[in-house]
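Trainee: Could you walk me through reading strands and side-chain contacts in a model like this?
Mentor: Happy to; let's look together.

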Amino acid sequence: MMKSRSQLVLLVAVLVLASRGAACGQEMPLEWTDPDTGYRVVRLSRGFAEARSFYFHNRPFLSSPSGADAGDQMVFYAAERRGDPMQLRVIDLSTLETRPLTSEAERIRGEIVSPATREAFYQVGSRVMAVNVDTGEQRAIVELPEELPGTIRTVNADGSRLLGVYAEGIRELLEKHPQKSQYFGVIFEARLPNKQFTIDLSTGQTRVVHEESAWLNHQQFSPTNPDLLMYCHEGHWHEVQRIWTLDLATGKHTPIHERTVHREIAGHEFWSPDGKTLWFDLQIPRGETFYLTGYDLATGKETRYEHERHEWSVHYNISPDQKRFCGDGGSAGSVAGSPDGHWIYLFEPDGDRLRSTRLVNLADHDYELEPNAHFTPDGNWIVFRANLHGPSQVYAVDLRRRQ
């Protein structure tokens, strides 16, 4: 996010906007120092009724067009008025200025950014679109055929293909069971026919690459190998062989991590930036012993970092230099069941364990909205979404400044 030059610009922008907010009687703070941790927190989304950053494994960052500062732009969702469909926007992280990327009348889907083409991809109904993050220029990719009314999920490393998934009958189930607590088990038990398909971004041609009567989810292309896809068998984690890779060049499916005891679970998987390791939450068994685990694709060797129950997070993420991790904590009703797990965490490996630092107290946050923490590309900030002060907004905590 910010190197020394843009750090000064950000500080000035924060102070100016904070004074404006105070003058207008604005209730949501623009900046504060967490009294429990001493870390500075900044609200990135300004002037929006609601805003959300991306899901934890969907990378939202791009370098500036000039390349002067690495990763100083971030794509996110926002709505100017409550009830309006949220639109994609891009924020300059050195000035906190934003620009709109979409202005659709309907709900849009897709948290997909390609550093290779500098485009964000989104979907409205069956229409798949791309928008250039620098110019705002849009282009139509494809109108999905009637027999494949799926959802786009991820773009590959060279920006040549999107991947989507279609689950036959899932819309009807979601209409009957709209809450996650309702639909999760229903969809898992239904064993709906699923198809994973690619979209050629130069021609719009679609191609089914995998069919299975199972709930397929969490599709993520490798950040470095354009042909390598990670996906999961969604459902009750203790009942599925969850994490898989698919080599589109060969058609080979490979399971990642084998269960060793009853009710062992592994999930919420994500790539390392160099594309060499798959990281995931591992519990042996569920809810008892907690590890953040990395699977080396070349050797199959696992690296496990144990941590305490209260440090467990709904999602983890890794820093650009791959030396640190972050987590978004959890509520008392989450898997770990800790009454004191509601924090944004910084984790540092210490032998075979993680040493944790609490950054932001999320006791006032409703974990029905998952915070989904991301390191900025310079590793100096952690971005997350939260409803600490009412509607969801996007925040960042400064890892360099502690009172």
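Predicted model: local features only at pLDDT ≥ 70, side-chain atom pairs only at ≥ 80, totals over all residues.

Trainee: How many bridges join E12 to strand E13?

Mentor: The general idea is that strands of a sheet pair through backbone hydrogen bonds, either parallel or antiparallel. Here, E12 and strand E13 (residues 161-167) run antiparallel and are joined by four bridges.

Trainee: In what order do the four strands of the open sheet come?

Mentor: The order is E12-E13-E14-E15, with antiparallel pairing. At the edges sit strand E12 (151-155) and strand E15 (206-213), each of which pairs on one side only. From one strand to the next, the twist averages 25°.

Trainee: Now for a side chain. Is glutamate 269 buried or exposed?

Mentor: To judge that, look at the relative accessible area: under 20% counts as buried. Glutamate 269 has a value of 0%, so this residue is buried. You will find glutamate 269 in strand E20 (residues 265-271).

Trainee: Which side chains make polar contacts with the side chain of glutamate 269?

Mentor: For this, look for N or O atoms within 3.5 Å. The side chain of arginine 242 makes a polar contact with that of glutamate 269 at 2.8 Å, and the side chain of histidine 218 makes one at 3.3 Å.

Trainee: What else does glutamate 269 touch?

Mentor: Leaving aside residues up to four places away in sequence, glutamate 269 touches residues including Phe56, His57, Gln220, Met230, Cys232, Ile243, Trp279 and Phe280.

Note on methods
Residues numbered from 1 in each chain as written. Heavy atoms only, no water. Helix = DSSP H or I, 4+ residues; strand = E, 2+ residues; numbered from the N terminus. Buried < 20%, exposed > 50% of the residue type's maximum accessible area, 1.4 Å probe, protein only. Polar contact = N/O pair within 3.5 Å; in protein donor to acceptor, adjacent residues only side chain to side chain. Contact = heavy atoms within 4.5 Å. Pairing = 2+ DSSP bridges. Axes fitted to C-alpha atoms, helices over the stretch in contact; angles between N-to-C directions.
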